[in-house]
Amino acid sequence: MAVDFMVTLRVPRAELEEVRYLRKGRLNNVADEHFRERIGEFFRRYPYDEWYPLDQDEMEAYIKEYPDIRPFPWQEASKR
């Protein structure tokens, strides 16, 4: 069995409780803690510059929407 965390579905609790009879088993305490930690690693948020990988043309378009950012040296439009 595998889990793809890139796809999330919202299921109302009432619907989950209605299908409890389909539950085949539970994780033991060690496996449960491991599973919770792995899910936590996936959903942690790390600070990063979302414009870091943009090239000059992409950066120009990005600055139009977010004018307060300062581009990295390789993203500044060359003076022609």
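I take helices (H or I, at least four residues) and strands (E, at least two) as DSSP runs, numbered from the N terminus.

**Getting oriented**

I am looking at a predicted model, where local features need pLDDT of at least 70, side-chain atom pairs count only at pLDDT 80 or more, and totals for chains, interfaces and linings use all residues. I number residues from 1 along each chain as its sequence is written, and side-chain values use heavy atoms, with hydrogens and water left out.

**Fold**

I looked up the order of elements and read α-α-α along the sequence. The protein has 3 helices and 0 strands.

I then turned to contacts, meaning heavy atoms within 4.5 Å. Among those between residues at least 6 apart in sequence, 18% join residues at least 24 apart.

**Surface**

For areas I rely on the Shrake-Rupley method with a 1.4 Å probe; for residues, only the protein chains shown count as cover. The accessible surface of the protein is about 8300 Å², and carbon and sulfur atoms hold 53% of that.

I call a residue buried under 20% relative accessible area, exposed over 50%, and partly exposed in between (1.4 Å probe, protein chains only). Of the 80 residues of the protein, 8% count as buried.

**Aromatic pairs**

My rule here: rings of Phe, Tyr and Trp (its six-membered ring) pair if their centres lie within 6.5 Å; planes under 30 degrees apart are stacked, over 60 edge-to-face, and the rest tilted. I get 2 aromatic pairs this way.

Tyr 62 and Tyr 66 make a tilted pair, at 4.9 Å centre to centre with 35 degrees between the planes. Tyr 62 is buried at 16% relative accessible area, while Tyr 66 is partly exposed at 38%.

Phe 72 and Trp 74 have ring centres 4.8 Å apart and planes at 5 degrees, so I note this pair as stacked. Phe 72 is partly exposed at 22%, and Trp 74 is partly exposed at 45%.

**A pocket**

On a 1 Å grid over the protein atoms alone, a pocket is an open set of points where a 1.4 Å probe fits, with protein on both sides within 12 Å along at least five of seven lines; lining residues have an atom within 4 Å of a point. I found Arg 23, Gly 25, Arg 26, Leu 27 and Asp 32 lining the second largest pocket.
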